[in-house]
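Below is a short briefing for a reader new to this structure.

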Amino acid sequence: MIKIGLLSLQNFATPLGLGYLISWYNKYSKYKDEVEFKIVEIARDDGQILVAPHEIVKSLVDFDVVGITTITQDHMSTVEVCDLLYKKNIHVILGGHHVSALPDKLPKSSKVGVIGEGEITFQELIDLYVEKRGFPKDNLANIDGLCFHTDDGGVAKTKARARILDADSIPPPDREYYDQAHFIPRFRWKNKVVGSILTSRGCPYLCVFCSSSAHWTRLFKYFSAEYVVDEMIYLHKKYDVTIFQIFDDLGTVTRKRWEKIRDLLKEKGYLGKFEFHAQCRADIFDEEVCRLFKELNFTELEFGIEAGTQETLNYLKNVKKNIQGVEHNWRAINLCLKYNMNVWVQLIVGSPNETIEDVKETLRFTEIPGVRFQVCLLTPLPGTPLWEDCLRKGLVSNDMDWSRLHLELTDQTFFNRIYVNEKIPKIELWNLLKVKLESNVVTEVNQIELSFKTFYNMFKLLAHNPRTYSRIYSRKLKLYILAYMRKFAGMIFLTTNVSNSPMVTHSNNSGNSNLID
Ligand code: B12
Ligand code: SF4
């Protein structure tokens, strides 16, 4: 039996991508009975991996081949893990967003990289391994969607892998392979079981900061209503999932399909029994869609509001005309408040031409009672239009220190971050942001999924390397201590109550929007 380990450097949510790879292989490969898969999930607390690379490798030594899903901010840890596995003669396959965006930079210690959608490429690779007990380069050259090292020290790329056109032909991720602790009722989710699902892949838009379109080739494909409802009911029956986190980039835009999903859930007796959390685009979220989502029981929606001024919004959305208007953003928030749905707004500051007044306009979205927010510094991730721009300006390079793109913001990390704004001194922006991050502490504390293991892991890493890890964990530890106080000392942290929130209106002229009771 060939043993394949698939590594995810997070255990916050079930790594769906890895689950799809296994389900596809088990459905379509003629060698499925000769291969055994295991998914290894590494503890993470939001931004930070909580286990050191040498410890991670201890859980991987029994595999013949290890596949790792890569994201940019974890790339240095990924390379450390690859190097340690290489020394143990274990073949490593990389896949996911980072390696797909920078295939030429495939680490020396990994055998091969899978670019873009992974299922078919992965199947062909593992089949090759079953047949040859290795990855001969002559054979690799015949598999689409790969990068691998050549004998002259370069990296070869094969033909781009075509996307799977019939989404329903992709079997849902087999949840048996995940840590089953994902499926216990969660304290922070009203003691219910939460399941994550995808109802679509890809996005045709090309926002400057987002790597999705590059990764999925701008082809938007979605699972049919029947497929989605079957997966939901399966998760409910098997694991008692009643809250579904929909991780799609753009899946909520398919109105007709969601009407059908509603009808099917109703027909099968599940309408109202499930709760949904999802991302949505403000420009498509009108009252009709809002009512539909309310009927389906969407209780939390997240919007890429991005910016408070149209100019910055257009820059970030990478459009010349106003596809998503600032007024759409206000409308989306108002509708959620009106229909008593929780709303998260995602904001981005630090665009090249933003002034301090523009940033203040954006940050007004953080002041709406009942609305949760996350503020990010604009970050040039590889594969994005912004990355190309920053490459031209010499702000980033293919060999850079990837911690400079780490998304979490603390006063220790902010000044190390790549900064693309040309108008505001970094310290001035930080002073504005710091206040917002501090004011978000209550929300963050309430979001923390308390786990003694996580807390213990943080201490272990601190003891292992106090200099590095105290920089990373000081804020997290503070939040954890507060969260424990909340739990054990019965401290009450007040969250804003959506149902009591005033409505919000926006006047475009002087940015003088008002809150109306
Ligand atoms: C759900 C989600 C999360 C969830 C779960 C993460 C997970 N890994 O499943 C949570 C909330 C935990 C999360 C956290 C973060 N996320 Co996130 N997340 C997503 C999201 C929306 C969907 C992921 C998903 O399930 N995709 C669908 C599956 C089918 O695709 P996939 O995972 O990429 O896998 C396919 C292929 O890429 C490939 N593949 C992937 N891995 C491998 C490995 C091998 C061996 C092979 C052969 C193939 C292969 O095959 C799979 C099947 O086709 C994506 C955006 C997106 N649309 O992908 C962002 C995204 C992956 N996240 C991103 C980021 C930045 C983060 C955070 C750093 C945010 C933060 N501030 O902390 C953390 C990092 C945590 C981590 N290590 O993953 C970025 C990564 C960009 C980059 N270049 O690095 C993305 C792309 C969003 C974006 N557009 O910018 N995230
Ligand atoms: S941010 Fe959203 S809309 Fe923009 S390209 Fe990414 S997935 Fe598409």
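Asp240 is partly exposed, with 13 other C-beta atoms within 10 Å; a residue is buried if 20 or more other C-beta atoms lie within 10 Å of its own, exposed if 12 or fewer, and partly exposed in between, with C-beta atoms placed from the backbone. This is a predicted model, in which local features need pLDDT of at least 70, side-chain atom pairs count only at pLDDT 80 or more, and totals for chains, interfaces and linings use all residues. Residues are numbered from 1 along each chain as its sequence is written, while chains are lettered from A and ligands numbered from 1 in the order in which they are written.

**Positive phi**
- Asp240 has a positive phi of about 65 degrees, although it is not a glycine.
- Asp240 sits in the loop between α8 (225-239) and β13 (241-246); helices (H or I, at least four residues) and strands (E, at least two) are DSSP runs, numbered from the N terminus.
- Thr217, also not a glycine, has a positive phi of about 60 degrees.
- The loop between α7 (212-216) and β12 (221-222) holds Thr217.
- Thr217 is partly exposed, with 15 other C-beta atoms within 10 Å.

**Ligand 1**
- Domain 1 (2-157) and domain 2 (179-492) both give residues to the shell around ligand 1, so ligand 1 lies between them; the domain bounds come from an automatic or database domain assignment.
- α1 gives the most to this shell, with four residues.

**Ligand 2**
- Among the residues around ligand 2 are Cys203, Cys207, Cys210 and Asp249, where a residue is near if its C-beta atom, placed from the backbone, lies within 6 Å.
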